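Here are a few notes from my pass through this one. Have it open while you read, and start with the rings.

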Amino acid sequence: MFVNLAKDPAFNVASLSQAINILPNNYGKVREMNLFPFKGVRTRVIYVEEQNGVLNLLQTQPIGAPGDAGISGKRKVRSFVIPHIPHDDVVLPEEVEGVRAFGAEQDVLKTIADAVNEKLQSMKNKHSITLEHLRMGALKGIILDADGSTLYNLYTEFEIEAKEIDFVLGTATTKVINKCNELARHLEKNLKGEVMNGIHAFVSPEFFDKLTNHATVKEAYARWQNGEALRSDMRKGFRFGPIMFEEYIGEATDKAGNVRKFITAEEGHAFPTGTNDTFKTFCAPADFNETVNTIGQPIYAKISERKHGRGYDLHTQSNPLPLCARPGVLVKVKSSN
């Protein structure tokens, strides 16, 4: 007797979604840092409230005199629609034909279940690299869709000017440490009540090579942790001054076959680490009957039998919005020569 997976409790939307969220991720340095923790929400629109506390100098007064009146900070509320990212695939009978003995119920379930799990892993990998792309966009301040169009320009949304520092690494006399200190001071000034425990910069291979070969950096690079740079691959992290520089080579191919590098050559992007609530990935619920008004999950999966029992349709979707609530702490670094 043939087992219909679409009616099996182990393959309902809750079980499949739980299974696909447990499958291992294959992509993502930003994910590995846990910089953008997931936060599930019940709606597709989130509101970010900004309240700028006004700091003013207090005038000295005689003992017993009334103090200066406090000035309330300005409050702004901004709305963001969470993107919807669906993905469909199919499991066909010919994919498992010949693997089982005809009429063996247990073997049928196991064989098709294996095929479903293989497809789910492949589908999750695509969601994972897409999320990495979105998160890197949030670190750059401009979140891009898969086709390169802009979903959100955080600088425009929060009405601030993007910060860019040219390290001029092609000039031997450039004082690179001063550039690093300028970056650190900018972040400290723009934390706006936040905290941080360090500064990290994802940089392109071209920027990393120029940095580590610069005259004022080369000696420090060679001495890093008692010559560790000479014994291991330091592209995974090299600290110079207040900044940890790490080479980032993430890229992906879009539907048109174009390879999109997540960081442009000669550039990089710096950000604070150890913050409380500056970075988050908001997850909205799927557009299923079962998930209306529930807390959003990172990825959902669903299965349905095809017409005439000719295989199964697989549907996955994610509804994520990685967001930096303080884009003033994002700094683009580059080398113009």
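1. Bear in mind that this is a predicted model. I'd begin with Tyr 152, which has 12% relative accessibility and therefore counts as buried, the cut-off being under 20%. Phe 80 is buried too, because its relative accessibility is 0%.

2. A search of the whole structure turns up twelve aromatic pairs. Take Phe 36 and Phe 279: their ring centres are 5.2 Å apart and the planes meet at 70 degrees, so this pair is edge-to-face. It ties together distant parts of the chain, 243 residues apart, with Phe 36 in the loop between helix H2 and strand S1 and Phe 279 in strand S14. Both Phe 36 and Phe 279 are buried.

3. Back to Phe 80 and Tyr 152, which make an edge-to-face pair with 5.1 Å between centres and 65 degrees between planes. This one also links distant parts of the chain: Phe 80 is in strand S3, Tyr 152 in strand S6, and they are 72 residues apart.

4. Have a look at the aromatic cluster as well: Phe 36, Phe 202, Tyr 248, Phe 262, Phe 271 and Phe 279 form it.

5. The charged end of Arg 135 sits over Phe 38, 4.9 Å from the ring centre, and Lys 302 lies over the face of Phe 288 at 4.6 Å from the ring centre.

6. Finally, helix H5 (residues 176–189). Val 176, Cys 180, Leu 183, Ala 184, His 186 and Leu 187 are buried there. They cover an arc of only 160 degrees around the axis, which puts them on the same side of H5. Arg 185 and Lys 189, on the other side of H5, are exposed.

Methods
Residues are numbered from 1 along each chain as its sequence is written. This is a predicted model: local features need pLDDT of at least 70, side-chain atom pairs count only at pLDDT 80 or more; totals for chains, interfaces and linings use all residues. Side-chain values use heavy atoms; hydrogens and water are left out. Buried means under 20% relative accessible area, exposed over 50%, partly exposed in between (1.4 Å probe, protein chains only). Helices (H or I, at least four residues) and strands (E, at least two) are DSSP runs, numbered from the N terminus. The arc is that of the directions from the helix axis to the C-beta atoms. Rings of Phe, Tyr and Trp (its six-membered ring) pair if their centres lie within 6.5 Å; planes under 30 degrees apart count as stacked, over 60 as edge-to-face and the rest as tilted. A charge sits over a ring if NZ of Lys or CZ of Arg is within 6 Å of the ring centre and within 35 degrees of the ring normal.
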